[in-house]
Amino acid sequence: DAAEKGGYEHFMAKEIHEQPKVIKDTMTSRIIKNEKIRLDDITITKEQIKNIDKIYIVACGTAYHAGLIGKNAIEKLARIPVEVEVASEFRYRDPIINEKTLMIVVSQSGETADTLAALREAKRQNARVIAVTNVVGSSISREADDVLYTWAGPEIAVASTKAYVTQLIAMYIIALFFAENKGTLSNEEIEAIKEEMLLLPEKAEKLLQNEEDIKAFAEENHMHKDMFFLGRGLDYAVAMEGSLKLKEISYIHSEAYAAGELKHGPIALIEDGTVVIALATQESLFEKMVSNIKEVKTRGANVLAFAMEGHTEIEKTVDTAKYIPRTIELLAPVLSVIPLQLLSYYTSIAKGCDVDKPRNLAKSVTVE
Ligand code: G6P
């Protein structure tokens with residue numbers, strides 16, 4: 001068992017630490033400087049890509065959160081409208097699907113019953129399906145028209161970490177591939193994004209060298225009953241993932257909110273000492289986010305904020321500020337999720353929970 005965990009106390013720690021490597025593995029041979037995106041196994045043609053008038057990204061749990069980032073990336077880079085839905089909702093609501101629809105299903109295991117059912121429904125109505133999955137030969141990989149594998153390697157901990165970051169990379173690759181085929185970006189724009197992507201492994205590595213601060217925060221705050229995660233834009237999607245991680249393995253009630261929605265409800269719950277994790281990595285939304293943080297601060301919240309390196313002015317507003325290495329906004333989620341994973345990991349340990357096998361949860365939900 002100890003050997004399988006590679007010297008770590010839990011699979012989750014091992015998997016968190018494997019992230020620089022799996023990010024790299026998922027890009028290798030696909031993202032090469034000054035070459036077109038290489039997706040050799042993908043059969044969808046340029047003509048078919050140009051004909052897509054709508055994309056559904058369908059998934060469950062953490063994979064759904066990766067889909068939210070995927071929507072943003074595809075709409076921004078390839079200018080195709082995308083809807084993201086949890087599979088258990090999608091399959092029962094009679095969605096509009098036709099031969100111009102593309103469905104992207106995201107599933108670590110490739111076996112999630114609801115996701116598989118959504119895929120089958122899309123195929124029945126003549127849509128094309130691209131699967132983003134981690135398991136070669138899984139049901140979803142066999143039934144999709146095309147498969148883009150995430151090279152995360154086996155993920156054992158129930159709470160998904162390394163699979164999520166590879167799903168994000170897969171989403172960026174698909175967005176770039178579509179942008180290239182549709183001609184929505186110039187070569188220079190595409191190269192600039194690829195260049196930043198290729199720097200992500202070493203930046204993730206750098207983040208993992210600063211665990212102690214997050215551990216200390218977790219140890220000081222693990223007794224709280226509730227926590228709130230706030231963000232705008234992509235930070236909101238990352239907040240949702242951070243919140244899910246925390247509730248899954250530490251059993252602390254947590255909610256993620258789009259920071260601009262605060263005043264429409266959750267602000268009523270903020271009182272003296274309420275823990276708020278604020279993500280402020282999106283530079284174009286930074287000022288707006290700081291205003292939202294001020295709103296919770298004046299109501300007594302204890303705020304831990306994450307910003308991109310260089311934005312030290314945030315220290316004037318928050319209780320604790322942490323930084324992620326600089327990258328472009330679009331790619332920030334790959335980095336900002338890492339301290340949130342560590343936060344839930346150390347909170348779970350501080351509470352004495354079973355990190356790798358949280359109560360009531362399964363690694364893969366193969367029944368409805
Ligand atoms: C379960 C797991 C989650 C996972 C979700 C979707 O809830 O505990 O970690 O995100 O299923 O699984 P999939 O294999 O389809 O990505």
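Reader: What makes strand β1 and strand β3 count as a pair?

Author: Two strands pair if at least two bridges are found between them. Strand β1 (residues 54–59) and strand β3 (residues 101–107) have six bridges, in the parallel sense. So they meet the cut-off of at least two bridges and count as paired. The model is a predicted one.

Reader: How do you know that β3 also pairs with β4?

Author: The cut-off is at least two bridges, and six bridges join β3 to β4. The two strands run parallel. Met 103 stands opposite Val 129 in β4.

Reader: Which order do the strands of this sheet take?

Author: The order is β2-β1-β3-β4-β5, in an open sheet with parallel pairing.

Reader: Why are β2 and β5 called edge strands?

Author: β2 (82–86) and β5 (146–149) each pair on one side only. Neighbouring strands of this sheet are turned by 20° against each other on average, direction ignored.

Reader: What makes β4 a mostly covered strand?

Author: A residue is buried if 20 or more other C-beta atoms lie within 10 Å of its own. Six of the six residues of β4 pass that test. Both faces are covered. Arg 128, Ile 130 and Val 132 are buried on one side, and Val 129, Ala 131 and Thr 133 on the other. In a regular strand the side chains alternate between the two faces of the sheet.

Reader: Which helices lie on these strands?

Author: One is α4, which lies across β1, β2 and β3 and runs at about 175° to β2. Helix α6 (residues 113–124) packs on the sheet too, touching β1, β3 and β4 (128–133). The direction of α6 makes about 165° with that of β3.

Reader: Where does the ligand find its neighbours?

Author: The ligand is surrounded by 15 residues, and the closest are Gly 61, Thr 62, Ser 107, Ser 109 and Thr 112. Helix α4 (residues 61–78) gives the most to this shell, with three residues. By class, the shell has nine polar, five nonpolar and one charged residues.

Reader: Which strands make up the other open sheet, and in what order?

Author: Five strands follow the order β7-β6-β8-β9-β10, with parallel pairing. Its edge strands are β7 (253–258) and β10 (320–324), because each pairs on one side only. Neighbouring strands here are turned by 20° against each other on average, direction ignored.

Reader: How do you know that β9 and β10 are paired?

Author: Strand β9 (residues 302–308) is joined to β10 by five bridges. At least two are needed, so the pair qualifies. Phe 306 has Lys 322 as its bridge partner in β10. Helix α14 (residues 332–350) lies across β8 (275–280), β9 and β10, at about 135° to β10.

Reader: Why is the span of helix α12 called close to what is expected?

Author: The expected span is 1.5 Å times one less than the number of residues. For the 17 residues of α12 (234–250) that gives 24 Å, and the helix reaches 24 Å from its first C-alpha to its last. Of those 17 residues, 16 are buried. Tyr 251 follows α12, with a positive phi near 60°.

Reader: What covers the buried residues of helix α2?

Author: The cover includes α1 (11–17), α8 (162–182), α9 (187–198), α10 (200–208) and α14. The buried residues of α2 (19–27) include Pro 20, Val 22, Ile 23 and Met 27. Ser 29 follows α2, and its phi is positive, near 70°.

Key: Residues are numbered from 1 along each chain as its sequence is written. This is a predicted model: local features need pLDDT of at least 70, side-chain atom pairs count only at pLDDT 80 or more; totals for chains, interfaces and linings use all residues. Helices (H or I, at least four residues) and strands (E, at least two) are DSSP runs, numbered from the N terminus. Axes are lines fitted to C-alpha atoms, for helices over the stretch in contact, and angles run from 0 to 180 degrees between N-to-C directions. Two residues are in contact if their C-beta atoms, placed from the backbone, lie within 7 Å. A residue is near a molecule or strand if its C-beta atom, placed from the backbone, lies within 6 Å of it. Ala, Val, Leu, Ile, Met, Phe, Trp, Tyr, Cys and Pro count as nonpolar, Asp, Glu, Lys and Arg as charged, and the others, Gly among them, as polar. A residue is buried if 20 or more other C-beta atoms lie within 10 Å of its own, exposed if 12 or fewer, and partly exposed in between; C-beta atoms are placed from the backbone.
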